[in-house]
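Here is a friendly walk through one model, meant to be read with the structure open beside you. Could you bring up the sequence and the coordinates before going on?

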Amino acid sequence: MNRLFHLMLAGLLITALSACGTRIGTEQSDQSENAEAIEPAAGSQREEPAEPDGETKRAKEQEEQAMKEDSSFNFETKTVMLNSGYEMPIYGIGTYSLTGEVCVDSVTAALERGVRLIDTAYMYHNEESVGQAVRNSGIPREEIFVITKLYPNQFSQPEAAIEEALQKLDIAYIDMMLLHHPGTGDVEAYLAMEQAVADGKVRSIGLSNWYVEELEEFLPQVNIKPALVQNEIHPYYQENDVIPYIQSHGIVVQGWYPLGGRGYTAELLNDEVISEIAAVHGKSSAQVILRWNLQKGVVVIPGSSNPDHIQENTELFDFVLTEEEMGRINALDRGEKHDWY
Ligand SMILES: NC(=O)c1ccc[n+]([C@@H]2O[C@H](COP(=O)([O-])OP(=O)(O)OC[C@H]3O[C@@H](n4cnc5c(N)ncnc54)[C@H](OP(=O)(O)O)[C@@H]3O)[C@@H](O)[C@H]2O)c1
């Protein structure tokens with residue numbers, strides 16, 4: 001009954017708007033959102049909306065394109081719109097070095113605490129564990145975003161590698177697949193990922209450990225623009241030249257080793273400047289570093305098997321670093337890589 005009433009109301013609204021010749025983009029899109037919300041049950045009938053004229057269609061396409069290219073973070077929904085048209089959370093959990101039960105428990109703890117972005121890879125030997133935690137969580141699949149990666153030793157047989165990832169994860173589809181590093185056959189492997197997108201097996205694709213030079217060479221050789229580039233980023237290795245370059249292409253940036261990586265976290269978390277800023281806000285050093293990333297438009301995936309840390313790493317949205325504080329952390333850059341790639 002309620003549905004029928006809305007249906008009639010929407011019909012009247014559509015007629016009124018087309019009579020007024022309305023061409024305001026947002027109104028047009030609101031209208032179509034409403035139309036979707038009142039989609040009648042299968043079998044019932046409704047009047048088909050009139051075909052949009054050329055100009056309206058173009059405006060709508062432009063609006064959709066602009067939305068896809070707006071890679072700024074939404075701090076309300078804690079998500080970013082990827083150029084693939086899918087939304088991705090801006091904070092998550094990384095699973096490098098977490099295997100077996102430790103991985104299942106860590107991902108489960110993260111999901112229980114509201115984390116919806118999980119980063120794994122063929123090379124982490126834990127795709128099965130990540131898939132198990134996702135399946136057992138009881139959370140609707142669509143609400144969780146899983147990233148995995150193909151390693152260069154898989155590039156010669158990318159189709160088989162994609163199938164292997166799908167099989168190991170066993171979560172129906174992969175939200176994002178990245179090439180883990182540049183390597184022989186990377187363009188062909190990427191083209192195979194493009195085919196997996198067309199086949200509905202993978203939703204978005206991207207790259208990891210690609211910098212300006214590598215991107216300039218790579219981008220003209222592929223058809224689907226990467227939605228994400230995942231690179232090493234922390235206060236001692238900031239990539240301040242690379243981040244804006246990637247973002248200027250409408251590609252979202254994600255940082256690995258946000259806390260410096262295992263073996264390096266103590267120095268970073270005890271850094272005098274970061275500790276001082278943390279004390280001012282009543283937050284931990286880890287939270288300040290993660291927030292600094294978010295305010296630079298960098299998605300964070302800290303790794304942890306400690307539920308207290310996992311919880312702490314979600315509490316990033318109740319404080320804001322000032323420009324001066326951002327500047328002080330930016331000044332800590334030493335160009336100090338904590339891994340070879
Ligand atoms: N694409 C690539 O080439 C690449 C390379 C490396 C990593 N990655 C990805 O990036 C993710 C992040 O890197 P990572 O996990 O190696 O390093 P990380 O996030 O920089 O640091 C992880 C370390 O930080 C500790 N930690 C986490 N939260 C903390 C907190 N709130 N307070 C204090 N300590 C905390 C963890 O210990 P506890 O377990 O005790 O919390 C762990 O020892 C990886 O898991 C992986 O998914 C990608």
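Met193 is in contact with Ile162, Met177, Val202 and Ile205, leaving aside its neighbours within four places in sequence; two residues are in contact if their C-beta atoms, placed from the backbone, lie within 7 Å. This is a predicted model: local features need pLDDT of at least 70, side-chain atom pairs count only at pLDDT 80 or more, and totals for chains, interfaces and linings use all residues. Residues are numbered from 1 along each chain as its sequence is written.

**Met177 and the core**

- The largest nonpolar core has 74 residues, and those with the most contacts inside it are Val107, Val146, Met177 and Met193. Such a core is a set of buried Ala, Val, Leu, Ile, Met, Phe, Trp, Tyr and Cys residues joined through C-beta atoms within 7 Å.
- Helix H4 (residues 100-112) gives the most to this core, with six residues. Helices (H or I, at least four residues) and strands (E, at least two) are DSSP runs, numbered from the N terminus.
- Why does Met177 count as buried? Met177 counts as buried because it has 30 C-beta neighbours inside 10 Å. The cut-offs are 20 or more other C-beta atoms within 10 Å of a residue's own for buried, 12 or fewer for exposed, and partly exposed in between, with C-beta atoms placed from the backbone.
- Met177 has its place in strand E7. Leaving aside neighbours within four places in sequence, its contacts are Thr148, Lys149, Leu150, Ala165, Met193, Val202 and Ile205.
- Between Met177 and Val146 there are 8.6 Å in space, C-alpha to C-alpha, and the two are 31 residues apart in sequence.

**Strand E8 and its partners**

- Strand E8 (residues 202-208) is mostly covered, with seven of its seven residues buried.
- On one pairing, strand E7 (residues 174-179) and E8 run in the parallel sense over five bridges; two strands pair if DSSP finds at least two bridges between them. Val202 in E8 is the bridge partner of Ile174.
- E8 also pairs in the parallel sense with strand E9 (residues 228-232), over three bridges. Here Ser208 stands opposite Gln230 in E9.
- E7, helix H7 (residues 186-198) and E8 make a right-handed β-α-β unit. Right-handed means that, with the strands pointing away from the viewer, the path from the first strand over the helix to the second runs clockwise.

**Helix H5**

- Which residues of helix H5 (residues 127-136) are buried? They are Glu127, Ser129, Val130, Gly131, Ala133 and Val134.
- The buried residues of H5 pack against H4, strand E5 (117-119), strand E6 (145-150) and helix H6 (158-169).

**The three-stranded sheet**

- An open sheet of three strands has the order E1-E2-E3, with antiparallel pairing. Its edge strands, each pairing on one side only, are E1 (73-74) and E3 (87-89).
- E1 and strand E2 (residues 79-81) run antiparallel and are joined by two bridges. Asn74 stands opposite Thr79 in E2.

**Positive phi in two loops**

- Most residues other than glycine have a negative phi.
- Lys78 has a positive phi, near 60 degrees. This residue lies in the loop between E1 and E2, and Lys78 is partly exposed because 17 other C-beta atoms lie within 10 Å.
- His125 also has a positive phi, near 55 degrees. The loop between E5 and H5 holds His125, which is partly exposed, with 15 other C-beta atoms within 10 Å.

**Around the ligand**

- How many residues surround the ligand? There are 29, and the closest are Gly94, Tyr96, Trp256, Gly303 and Ser304. A residue is near a molecule if its C-beta atom, placed from the backbone, lies within 6 Å of it.
- The shell divides into 10 nonpolar, 16 polar and three charged residues. Ala, Val, Leu, Ile, Met, Phe, Trp, Tyr, Cys and Pro count as nonpolar, Asp, Glu, Lys and Arg as charged, and the others, Gly among them, as polar.
- Helix H10 (265-269) and helix H13 (307-312) each supply at least two residues of this shell.

**The whole chain**

- The chain has 14 helices and 11 strands, and buried residues make up 37% of its 341 residues.
- Of the contacts with a separation of 6 or more, 73% are between residues 24 or more positions apart.
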